[in-house]
Amino acid sequence: MPTFPTYQYRIPLQLSLLNPLHYLQLAFWAYFRPSCLKQYLYQADPSLYRAGPGSHIFQALRSSAYNRLFLAIPGTACLVSALLSLPLILAITALTSLKANWLGWLQGLLAGGAISASFFIVFFGVLGIGVGFARGASASTIVAVNSGTAGGLILASILGVLPSIALNWEIITNAYQVPLIFGALIWLSIALVVGGILGIVIATPVGLATSFIAGYLFVIVNSMSRAGGNPEDNTFGGLLFCVMAGLAASGGIGAGISLGRGICVSLSICIAIGVAIGRSSGDWMWGLLDGVVAILLTLRFHLYIVELPLSLFSSRLGVKHPAKWDALSVIPLPGTQRCITQTLLYKQEEIAVIGQLLSNPFQRWVVYQPVKRYLHHHTAPLHVLYQFLTEPEWDIYVFPPETTDAWDKISSLGEILLSELSGQWKSCNFRKPCCIFEHRVYSSTCILQDRRETPLTHFSGMLLALSEINISRSTDFDLPNYRPIYSQLNSYQGGNEIEWSFELMADLLSYRTIDLLSGVEAHFGVFQPSNYPIRPTVLAALQTLREISLEITTFINATSRVNRAAALLRANEALNNLSEYLVSEVANPEQTLLQTILNRWHRLISEAGGKIGRTNILKPVVNPYVVGTPVTGDLFVGREDIMQYLEELWGNSEHCPSVVLYGHRRMGKSSILQNMKLRFGASIQIIDFNMLLVGHTNTNELLYELAVRVYESVLPEHQNQMQEPQYSDFFSRSPYNALNQFFRQVNKFNQKQRFIVAIDEFEHIEINISRGLFSPQILDFLRGLIQTYNWFTIAFAGLHTLQEMSQNYWSSLYRCVLSIPVSFLPDVAAQKLVTQPSPEFDVDYTPESVHEIITLSNGQPYLLQLICHSLVTLFNRQICEERLERERCFFLEDIEAVVNTPEFYREANAYFNGVWMQASETQPDNQIELLYELREGAMTQAQLVEKTDLEAENISSALERLIHHDVISQQNGLYSYNVELMRRWVCFKSYSHPK
C-alpha cells in the first residue's frame with residue numbers, strides 16, 4: 001500500500017489565530033494546493049482522518065489543530081478579500097470622483113466571513129456525516145474559504161465605493177423566486193455530476209442551503225448595484241454575481257474528490273447560475289453571457305494571465321514555476337516539461353509535484369514526454385524503472401485519499417508513471433464518473449504524446465501488469481508468457497540481471513515435486529551479478545532460495561531419518577525467515593512472485609516432512625476401540641436400517657408392537673438397545689431390564705423391579721400424583737394384581753409417554769422358569785400387559801427368536817412380537833468403524849489392510865473392534881517399549897501378526913464359543929460335526945455326507961439351521977463359514993471329535 005504524500009512546504013502542526021501568515025497559508029492551500037490542506041488534516045490525527053461516515057465530525061472539536069483551522073476560515077476569507085479589495089477601492093477612488101466608504105467596506109468583509117462560515121457548516125455537516133471526516137473537512141474548508149473570499153471581495157468592493165445605501169429589504173425578502181430557481185438548478189447539477197443515490201443525498205441539503213445563500217446574495221448584490229446606478233438595470237448586478245461565483249468556483253474545483261469531478265460540479269453550478277440569472281432578469285442573452293464569464297473564471301483564466309509571465313520568466317526571476325505550486329491549473333503553462341525534467345534530475349524531494357500533475361487530467365499528458373525522454377536518455381534506465389516501484393519517494397499516493405475505500409484503490413505515483421510509459425491507460429481515481437471524465441480528457445490529448453514503442457515501454461507495461469495480477473489466485477498465470485519482453489533487455493545496463501532473475505523465477509514456479517527443488521544451483525553458474533545490481537533485495541532472496549535448495553539436496557541424499565528430518569527443518573525455518581524478508585524489503589511484482597514460490601515450496605516440504613514425521617511417534621496412541629461392552633456414539637455404526645425400522649414401528653402409531661432382536665453373541669444387540677435411548681425423544685422412555693442383572697430373583701421381585709423401573713421413568717409432574725410401588729404389595733398378595741393395579745394408575749395419568757422395556761438376554765426367563773424361580777404364567781401376563789396398555793412395549797434381545805425357544809409357554813407371545821435379525825455390518829459401515837473410530841484417531845490404514853480386516857471378520861462388530869484394538873496395542877508396544885521406527889499406518893503384515901496369535905483367539909473366545917455352544921445346544925443335532933468338517937474349506941452337501949457318514953436329510957436340516965443363524969452360507973452349492981476367523985478358531989480348538 002502506498003504512503004501518504006508529503007510536500008517540501010513547511011506544514012505547521014497547528015495554525016495560529018494570531019499569525020496573519022497562517023491565514024494566508026490557509027488561503028494558499030484552499031486556492032492552489034488542496035493536498036497541503038489534507039496533509040495538515042492527516043498529521044493532526046491520522047485515525048480521525050481515516051474515519052468513515054458518521055458522527056466523527058464532533059470528535060474534531062476536541063483537537064486544537066482542527067479547532068484552529070475551523071476558526072481561521074472566516075478570518076481567512078476576511079483577510080484575503082480585504083487585501084484584494086483594498087487596492088481596487090483605492091484605484092477607483094483615485095480615478096473617479098467616488099469617495100471610499102470604509103464602513104461599507106468593513107460590512108462587505110464581515111459579510112464575506114459570514115458567507116464562509118455558512119458554507120463551511122453546510123458542507124462539513126453533510127459530507128462529514130454522509131461520506132467521511134476527511135472528505136467533509138477538506139471540501140468544506142476549500143469551499144468556505146473560496147466562497148467567503150469571493151463574496152467578501154465583491155461585497156466589500158461595491159460597498160466600499162458607493163455612498164451609504166438604504167437597501168430595499170422588502171424587495172430582498174420578497175424575491176423568493178431567485179433562491180427557488182437557484183435551488184432547483186444547483187440541486188439538479190450536483191445530483192447529475194455526483195450520480196446515483198449518493199448524488200441525490202448530497203445534492204439535497206447542499207443544493208438547498210447553497211442555493212438559498214447564493215440566491216439571496218444575488219438579490220442583495222443586484223439590489224446594491226441598482227441602488228448605485230440605474231434602478232431598472234439588472235445586468236450589472238448579475239455580472240457582479242457571476243464574477244463572484246466564478247472566483248469562488250475557480251478555487252472550489254479543488255474540493256472535488258478529483259480535479260475532474262470538481263471542475264464538472266463547478267461548471268454545472270455556473271451554468272445553473274447563468275440560467276437562473278436569465279430566468280429571474282428576463283434577459284436570457286445577458287444570463288448566457290454571465291454564465292460564460294463564470295465558466296471562464298472557473299477554468300482559472302484570470303490566473304492564467306498572471307501565471308503565464310511567471311512561467312516564462314521563472315528561471316530569470318528566480319521564482320518557482322507555477323506548475324510547482326498551482327495544482328489546479330487547467331491550461332498547461334509553458335516551461336512545465338522543463339520543470340519536470342529538472343525535478344527528475346536534481347530535485348527528487350519535489351517528486352510529489354509530479355504526482356499532482358499526474359492526478360490533474362489536463363496536465364497528465366505534459367508529464368509523459370519529459371519522463372520518457374529522461375528514461376531513454378538515462379545511462380541506467382532499468383534502475384529508473386525500478387525506482388518508480390521501489391523508492392519511497394515514488395511509492396506515494398498519486399493524490400491524498402479521503403474516503404475509506406480510497407486507501408486501497410488509489411494507485412501509487414510509480415504505477416501511474418509506468419502506465420504512462422507503457423502507453424496504457426490507468427486512472428488515478430477509482431470512482432466510475434471520475435474515470436470516465438479523465439479517460440475522455442486522456443483520449444483527447446493522446447495526439448500530443450509520442451507513443452512510439454521501445455523495449456523499455458514494453459517492460460514498463462510488464463511490470464505494471466505483474467503488479468496488478470493476483471498471481472497466487474490466478475489459474476492461468478504463466479510467467480514465461482512475458483519472455484519476449486524481458487529477453488530483449490540485454491542491451492541495457494542490468495538487462496542480463498532482469499532476464500536471468502525472471503527466467504529463474506519462471507522455473508521455480510513450475511516445480512511440482514520436491515526432487516526438482518534441488519536443481520536451483522544450476523542457474524547460479526551462468527550468472528554473475530554486477531557491483532551495482534538493480535534489485536539487490538531480489539537477488540538476496542534468490543540466493544536464500546539457492547541455500548534452501550542445497551538443504552533439499554541434503555534431504556534427498558541422506559539415508560538417516562534423523563538427517564532427512566533435520567534438513568527439512570532447516571529448509572522450513574529458512575523459508576519462514578525469507579517470507580518475513582520479502583514483506584519488509586522486496587517490492588512488487590517480485591514480492592508476489594517470490595511469495596508464490598515460497599508457498600509452493602512450503603507445501604512440498606510439509607508433505608515430505610509429514611511422511612518422515614509419521615515414523616517419529618513415541619507417544620502412545622489412545623485406543624478408541626471398545627471390546628466386550630456395548631458401544632455408543634461414533635463407534636455405533638451400521639445399524640441405521642434397524643434403528644430406522646424401530647422408529648417406523650414406534651414413532652407414529654398409537655400402539656407400539658413388541659419386538660425381539662436376535663443374533664449371535666457380540667453381534668451388537670445390546671448396543672442397539674443402549675442407543676435407542678439416544679435415538680428417541682422424551683416421549684418414548686427406554687427402560688433397561690437386563691436379565692443378567694434382575695433375572696436371579698423370583699416372580700414377585702421381578703415384577704416389583706419392573707414396576708419401580710416404570711415409576712422412575714414417569715414424568716415428575718405425574719409422579720407427584722401417583723403412589724410409588726410398595727414392596728409389600730407384591731409379596732402380601734398376587735404380584736400380578738399388584739403390577740396391574742400400578743399400571744392402571746400409570747394409565748390414568750400418562751397421556752404423552754410410551755415405555756419400552758428392553759429385556760436383554762431374555763433366554764434367562766426360560767432358564768429361571770425351568771429352575772422354578774419364575775412362574776410359567778409370567779409370559780401370559782406379559783402378553784396381557786402388551787395387549788391392554790398401548791403405551792407398554794417389550795423389546796427382547798437374545799440368541800433366538802421366540803419360535804426357536806424350546807418350551808411351549810412362549811407360544812403366547814408369538815403373534816404379538818416381531819422378530820428382527822441382527823447380523824453382520826455392511827462393508828461401508830465396517831470400513832467407517834475401522835478407519836474413523838473417533839475424531840482424534842490419527843493412525844492410518846492401507847486400503848489392503850482395511851479389506852483384509854473386513855474379509856476376516858465379515859463385518860462382525862465384536863471381531864472388528866477386537867482386531868483394531870489389538871492393532872493399536874501392537875503399535876503402542878512397538879514404538880514405546882521396543883522403540884521401533886515405523887510408519888503411523890497399519891499394513892497387512894500387522895494384521896497377520898495380530899490374528900495369528902493364541903492370545904487373539906483367547907480374547908475372541910467369547911464370540912467363537914458362543915456360536916459353537918449355540919450350535920451344540922439347539923436342534924437339529926449334528927451341527928457341530930458339520931462345522932468341524934467345514935474347517936478345511938468349502939464343501940458340497942454330498943462331500944459332507946461322505947465325510948460324516950450322516951444321512952442326507954439330517955445334514956440338510958442342520959445346514960439350514962446354521963445358515964439361519966448366520967454361521968455358514970451357501971453359494972453355488974458350496975457351504976462355507978461366514979467368518980473366516982471362526983474357521984481358524986475351529987482349527988485351533990483342541991477337542992475330540994465325537995463319533
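Predicted model: local features only at pLDDT ≥ 70, side-chain atom pairs only at ≥ 80, totals over all residues.
Colleague: How many cavities does a search of the whole structure find?

Modeller: The search finds six cavities of 30 Å³ or more.

Colleague: What makes a residue part of the lining, and which residues line the second largest cavity?

Modeller: A lining residue has an atom within 4 Å of a point. Here the lining consists of Phe 689, Met 691, Leu 702, Leu 703, Leu 706, Val 757, Ile 759, Ile 765, Ile 778, Leu 782, Phe 792 and Ile 794. Two or more residues each come from helix H33 (699-713), strand E3 (754-760), helix H38 (777-788) and strand E4 (792-798). H33 provides the largest share, three residues.

Colleague: How do you know whether the lining is nonpolar, polar or charged?

Modeller: Val, Leu, Ile, Met and Phe are among the residues that count as nonpolar. The lining therefore divides into 12 nonpolar, no polar and no charged residues.

Colleague: What share of the protein chain counts as buried, and what does that word require?

Modeller: Buried means under 20% relative accessible area. Of the 995 residues, 52% count as buried.

Colleague: What is the secondary structure of the protein chain?

Modeller: The protein chain has 48 helices and nine strands.

Conventions. Residues numbered from 1 in each chain as written. Heavy atoms only, no water. 1 Å grid on protein atoms, 1.4 Å probe; cavity = no way out; pocket = protein on both sides within 12 Å on 5 of 7 lines; lining within 4 Å. Points joined across faces, edges and corners; volume = space filled by probe spheres on them. Helix = DSSP H or I, 4+ residues; strand = E, 2+ residues; numbered from the N terminus. Buried < 20%, exposed > 50% of the residue type's maximum accessible area, 1.4 Å probe, protein only.
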